[in-house]
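Here is a short briefing on one protein chain. It covers charged pairs, a surface patch, a pocket and the overall fold.

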Amino acid sequence: MSESAPVASPVTSRIEGLVPAGQLLPFVLVTVLFYLWGIPNNLNDVLIRQFMKSFAITRFQAGLVQSAFYLGYFVLALPAALLMRKLGYKAGFVIGLLLFGVGTFLFWPAAVIGKYGFFLFSLFVIASGLSFLETASNSFIAQLGPAQNSEKRLNVSQAFNPLGSISGVLIGTIFILSGVELNSQQIDSLKAQHLYDAYLQSETLRVVRPYLVLGAVAVCWAFLIWRTKFPTIKAEHEDGGNHGHFRELLQYPRFLWAVLAQFMYVGAQVGTWSYFIPYVQESTHQPERIAGYFLTGTLAAFASDGLSPLI
């Protein structure tokens with residue numbers, strides 16, 4: 001009896017049909033980046049709650065976490081695109097991952113020093129790295145193969161981003177939120193014993209370990225991408241001579257409306273999830289960890305449509 005040929009899984013067969021022969025490894029390495037940058041994006045939602053406690057700051061002050069984070073995107077996205085036009089997508093991936101790693105490693109001295117502003121700077125560095133990754137990854141995946149399949153490749157890769165978002169909140173809930181919440185009487189008691197500062201320091205240090213692990217993964221992934229042979233994408237070195245200039249985009253009202261719509265959408269999404277944990281606590285009087293699990297559930301529900309290409 002002759003041996004039957006191995007049967008590929010539906011997901012594997014679908015991916016192999018989207019990616020040119022010999023380019024599956026670069027596709028996988030870049031697709032994982034969609035997962036990786038989803039983690040710090042939604043870890044911010046946990047950080048806001050944690051910093052409100054560990055630095056005894058207001059909700060408005062804790063919201064600067066998102067301001068510092070998205071400032072990195074605003075400042076570095078266009079320079080990242082210009083740099084990759086000269087050096088290529090692979091260089092953009094490596095630079096982005098190294099910046100990502102450096103930003104996470106800065107969490108350790110920030111926690112030791114105990115300065116909130118240092119954490120904000122660290123988040124800015126992280127987001128600067130993510131701006132490289134997001135700018136490069138979408139374009140690279142879209143151009144890695146036939147143009148008629150570009151949106152399908154993007155759907156497969158982008159489906160991993162919500163998994164990263166869910167993982168980020170779950171990691172933060174388990175490893176950052178301690179579950180220790182003091183009322184005013186307990187705080188006064190600790191202050192009388194001169195132990196309150198030690199409590200705040202211990203809560204601040206809880207954010208370090210998850211970010212150090214995340215940084216180590218980012219640096220290792222940068223090494224893997226650096227050592228992997230990537231295909232030459234024709235469009236990555238275009239000088240733009242025959243493709244117009246950036247200022248010409250301002251002449252298209254639909255482009256401007258699209259930018260405004262994206263700005264409003266991201267603002268609404270970030271504003272909702274950033275304060276979801278404090279909202280649940282105030283509305284339902286649940287502990288912070290339970291509120292964190294609720295947030296994880298909302299992200300899982302939101303991700304259901306994004307995961308449909310893999311089902």
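Lys 53 and Glu 288 are both buried, meaning under 20% relative accessible area, where exposed is over 50% and partly exposed lies in between (1.4 Å probe, protein chains only). This is a predicted model, in which local features need pLDDT of at least 70 and side-chain atom pairs count only at pLDDT 80 or more, while totals for chains, interfaces and linings use all residues. Residues are numbered from 1 along each chain as its sequence is written, and side-chain values use heavy atoms, with hydrogens and water left out.

**Salt bridges at Lys 53**

- The side chains of Lys 53 and Glu 288 form a salt bridge, with 2.7 Å from N to O. A salt bridge here is a side-chain nitrogen of Lys or Arg within 4 Å of a carboxyl oxygen of Asp or Glu.
- This pair links distant parts of the chain: Lys 53 sits in helix α2 and Glu 288 in helix α15 (residues 288–303), 235 residues apart. Helices (H or I, at least four residues) and strands (E, at least two) are DSSP runs, numbered from the N terminus.
- Lys 53 also forms a salt bridge with Glu 203, at 3.3 Å from N to O. Glu 203 belongs to helix α11 (residues 196–205), and 150 residues separate it from Lys 53.
- The relative accessible area is 9% for Lys 53 and 3% for Glu 203. Both values fall in the buried class.

- Arg 49 and Glu 181 meet through their side chains in a salt bridge of 3.1 Å, N to O.
- Arg 49 lies in helix α2 (residues 24–54) and Glu 181 in the loop between α9 (160–175) and α10 (184–192), so the pair ties together parts 132 residues apart in sequence.
- Arg 49 is buried at 13% relative accessible area, whereas Glu 181 is partly exposed at 30%.
- Salt bridges with shared partners join Arg 49, Lys 53, Glu 181, Glu 203 and Glu 288 into one network.
- The count of salt bridges comes to 5.

**Nonpolar surface patch**

- Leu 170, Ile 174, Phe 175, Ile 290, Tyr 293 and Phe 294 make up a nonpolar patch on the surface, with about 530 Å² of accessible area together.
- Patches use residues with over 30% relative accessible area and no salt bridge; like charges are joined within 9 Å and nonpolar side chains (Val, Leu, Ile, Met, Phe, Trp, Tyr) within 5 Å.
- Helices α9 and α15 each supply at least two of the patch residues.
- Ile 174 is located in helix α9. Ile 174 is partly exposed, with a relative accessible area of 35%.

**Second largest pocket**

- The second largest pocket has a volume of about 250 Å³. A pocket is an open set of points on a 1 Å grid over the protein atoms alone, with protein on both sides within 12 Å along at least five of seven lines; lining residues have an atom within 4 Å of a point. Grid points are joined across faces, edges and corners, and the volume is the space filled by probe spheres set on the points.
- The lining has 13 residues, and those closest to the pocket centre are Ile 171, Phe 175, Arg 209, Pro 210 and Val 213.
- Two or more lining residues come from each of α2, α9 and α12 (208–227). Helix α12 gives the largest share, 5 residues.

**Whole chain**

- The chain has 15 helices and 0 strands.
- Of its 311 residues, 43% count as buried.
- The accessible surface is about 16700 Å², and 65% of that belongs to carbon and sulfur atoms. Accessible areas come from the Shrake-Rupley method with a 1.4 Å probe; for residues, only the protein chains shown count as cover.

Notes
On a 1 Å grid over the protein atoms alone, a cavity is a set of points where a 1.4 Å probe fits but cannot get out, and a pocket is an open set with protein on both sides within 12 Å along at least five of seven lines; lining residues have an atom within 4 Å of a point.
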